[in-house]
Amino acid sequence: MSILVSKDTRLIVQGFTGSQGTLHSEQSIQYGTNIVGGVTPGKGGQEHLNKPVFNSVEEAVVEVDPNASIIFVPAKFCKDSILEAAEAGIKLIVCITEGIPTLDMLEVKNHIDNIGARLIGPNCPGVITPGEAKLGIMPGNIHKPGSIGIISRSGTLTYEAVKQTTDLGFGQSSCVGIGGDPIPGSSFIDMLKLFEADDQTEAIVMVGEIGGTAEEAAAEYIKNNIKKPVISYIAGQTAPEGKRMGHAGAIIAGGKGTAKDKIEKLTKCGVHVADNLVSIGSKVAEVLGR
Amino acid sequence: MNLHEYQGKLLFAEYDLPVSNGKIIFKAEDAIDACNEIGGLKWVVKAQVHAGGRGKAGGVKLIDDPKEAVEFSKKWLGNRLVTYQTDKDGQVVNSILIEECTDISSELYLSAVIDRESQKVVFIGSSEGGVNIEDVAKNSPEKIIYQGIEHKDLSLSIKAENIAEVLKLNDDQTKQFIPMIDNLYRLFIEKDLSLLEINPLVINANGDLHCLDAKINIDSNALFRQPELLKMYDETQEDPQEAEAAKNDLSYVSLEGNIGCMVNGAGLAMGTMDTIKFFGGNPANFLDVGGTATQERVAKAFKIILRDPDVKVVLVNIFGGIVRCDLIAEGVLAAIKEVDVTIPVVVRLEGNNAELGAKILSKADIEIESINDLADAAKKAVELAE
């Protein structure tokens with residue numbers, strides 16, 4: 001088992017024929033992901049990477065019956081692309097694009113919650129179930145099928161956590177980048193629920209960062225609902241207040257969202273916090289007694 | 001992106017919000033004309049910078065003679081105002097807002113933000129204005145209301161009344177306040193704001209509501225559809241290195257230490273800073289060179305990092321995901337040559353073709369330490385910076 005994506009995932013790519021869409025679709029296909037087609041308005045009827053291209057998600061749904069979509073369209077069109085996928089009945093939507101206006105995301109989140117679709121991202125590396133399906137821009141080769149579930153707000157930090165757990169022989173059940181934006185489609189808690197219910201997942205690594213209170217909310221949820229061990233790392237312990245650290249959501253505002261507060265809360269709620277980026281893997285080994 | 005008070009008030013006026021009659025001047029000699037055009041016997045002169053705490057720092061003054069406006073303008077224009085919200089160098093003053101004087105009977109607080117937790121636009125109101133709202137939140141939380149607004153909210157006026165109650169407005173003031181909230185919400189949505197703050201919102205001697213200050217932040221991601229607001233961007237209020245980085249599409253934040261950092265990915269960039277600190281060093285900056293660390297971007301990043309005279313060593317930390325480390329290594333070498341880097345550089349490459357990348361770096365003629373393990377690389381950088 002795994003979460004969100006597997007060999008049964010039938011993926012379409014929105015923004016299929018663009019440079020990013022092409023590059024990452026090629027890599028995903030190479031990894032073994034079942035891409036059943038793509039969407040680029042105006043290019044319907046063509047073939048790209050030996051897969052059919054459709055004008056709309058609705059058309060793709062009729063023709064190739066996808067159950068997931070990944071979005072590579074520019075930020076200003078993302079709101080429409082996400083809503084299009086949700087309204088066409090796609091239940092899992094992964095949006096990689098960075099730079100979507102926050103008010104667009106407020107509207108999107110509200111809408112997809114009502115429809116009952118799940119959005120991962122935006123501004124994220126995507127989702128991977130090692131050995132089965134790769135919906136995203138992460139390097140496939142550092143992953144290994146295994147027992148650790150990984151959730152992260154940052155792309156490259158996910159890779160660090162993956163690399164360390166692969167090197168120590170644990171491997172990953174699934175890895176989810178929920179993204180670095182202030183209004184993410186899915187939260188830590190949404191993913192914790194899935195990993196808790198997944199048989200293959202033995203322990204969960206949660207990589208957080210400064211800004212907002214998502215880690216604090218997750219800590220409270222873990223205390224009351226998660227029985228599996230959770231290992232965490234929080235980035236931004238040296239970040240100054242009031243400055244945006246790259247990610248739109250990574251900002252300490254009004255004294256809220258500091259790494260210190262998050263680490264204290266997580267520790268209080270029984271989460272095993274790695275004191276350093278380089279010791280995420282060894283913390284997992286320590287907690288699992290291996 | 002931040003706006004100046006006078007720019008914020010232009011937006012307020014556009015949305016029928018009550019602001020003072022005022023003039024913005026960029027030259028001291030225009031001060032007397034401005035006062036005369038505004039009329040009256042008393043004026044307020046306000047230095048325009050992107051920071052709060054201006055009053056205590058001497059950047060706001062009540063005057064009753066237009067000559068004082070000239071004096072004030074001469075004193076501040078072209079000089080830097082240091083407040084508790086700025087760094088030690090302060091912010092340069094390029095314009096002065098001159099306004100008619102408002103007689104204040106009480107000061108209130110009103111703001112709107114996008115609340116990440118409830119995923120709504122939330123208005124924050126308090127009967128205590130003109131002070132730091134964080135202090136009110138800490139000391140007397142009962143004086144603050146947080147009122148979430150739904151998308152296309154049908155009960156906006158009820159919610160406005162809820163806020164009015166906490167602000168202790170009388171019936172007449174509440175009648176003014178309800179359309180005010182409606183206008184502020186429209187302004188927030190239509191102009192893609194991320195923060196709107198009126199501190200203080202005052203009740204004047206006539207008992208009417210009046211916006212005495214205006215602080216506005218615009219969502220940078222939405223500037224593509226706000227061309228009018230983009231014109232209000234004031235580069236002089238930004239850290240020069242940060243502004244230069246932003247022009248080159250790099251995320252950069254300057255810090256106090258002496259170890260320059262160049263990293264791909266925002267999370268890893270923060271993680272790298274933390275790792276340096278963990279091993280006893282101090283990062284000089286946050287810098288995300290982006291997912292595709294090409295030679296061009298790496299060269300630009302080096303240039304920006306090296307402008308900081310405190311930097312004694314540069315730590316490059318790249319997790320080659322889709323991009324290959326050997327290509328990055330070649331880019332780093334070419335960039336070092338192009339920029340003529342003379343201080344030691346520690347490079348940590350991980351991911352695709354990391355070994356090949358390390359081999360390429362080892363052939364360089366300048367001092368490059370190529371270390372695959374992040375902890376060792378950070379330790380080395382700390383050692384070289386001492």
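Analyst: **The proline and its surroundings**

P200(B) sits in strand 10 (residues 193-204) of chain B; helices (H or I, at least four residues) and strands (E, at least two) are DSSP runs, numbered from the N terminus. The peptide bond between N199(B) and P200(B) is cis, with omega at about 10°. Most residues other than glycine have a negative phi, and most peptide bonds are trans.

This is a predicted model, so local features need pLDDT of at least 70 and side-chain atom pairs count only at pLDDT 80 or more, while totals for chains, interfaces and linings use all residues. Residues are numbered from 1 along each chain as its sequence is written, and chains are lettered from A and ligands numbered from 1 in the order in which they are written.

You'll find Q119(B) in the loop between strand 7 (104-115) and strand 8 (120-126) of chain B. Chain A has a cis bond too, joining G121(A) and P122(A), with omega about 10°. P122(A) belongs to the loop between strand 7 and strand 8 (126-129) of chain A.

Now for the helices of chain B. Helix 5 (residues 156-166) and helix 6 (residues 171-190) of chain B have axes that come within 9 Å and cross at roughly 120° (axes are lines fitted to C-alpha atoms, for helices over the stretch in contact, and angles run from 0 to 180 degrees between N-to-C directions). Helix 5 and helix 6 of chain B are therefore oblique to each other; angles under 35 degrees count as roughly parallel, over 145 as roughly antiparallel, 65 to 115 as roughly perpendicular and the rest as oblique. Helix 5 of chain B makes a right-handed crossing with helix 6 of chain B (left-handed if the near helix is turned anticlockwise from the far one by less than a right angle, right-handed if clockwise). Among the residues that meet are A160(B) and I163(B) from helix 5, and F177(B) and I181(B) from helix 6 of chain B; contact asks for C-beta atoms, placed from the backbone, within 7 Å. That helix contact divides into eight nonpolar, two polar and two charged residues, where Ala, Val, Leu, Ile, Met, Phe, Trp, Tyr, Cys and Pro count as nonpolar, Asp, Glu, Lys and Arg as charged, and the others, Gly among them, as polar.

Stepping back, chain B is assigned domain 1 (1-20 + 103-237), domain 2 (21-101) and domain 3 (240-385), with bounds from an automatic or database domain assignment. Over C-alpha atoms, the centres of domain 1 and domain 2 of chain B are 23 Å apart. Seven residues of domain 1 of chain B and 14 residues of domain 2 of chain B make the contact. On the domain 1 side of chain B there are one nonpolar, five polar and one charged.

There's also an open sheet in chain B, four strands in the order 1-6-2-3 with antiparallel pairing (two strands pair if DSSP finds at least two bridges between them). Strand 1 (22-25) and strand 3 (60-63) of chain B are at the edges with a single partner strand each, so one side of each has no neighbour in the sheet. From one strand to the next, the twist averages 20°. Strand 2 (residues 43-47) and strand 3 of chain B run antiparallel and are joined by four bridges; in one of these strands, strand 3, K61(B) is the bridge partner of V45(B). Helix 2 (residues 31-38) of chain B lies across strand 1, strand 2 and strand 6 (96-100) of chain B, at about 170° to strand 1 of chain B.

Finally, the two chains meet: 40 residues of chain B are in contact with 47 residues of chain A. Elements of chain B that each supply at least two residues to its side include helix 9 (266-278) and helix 13 (374-385). Helix 9 of chain B gives the most, with eleven residues. The chain B side that touches chain A has 18 nonpolar, 13 polar and nine charged residues.
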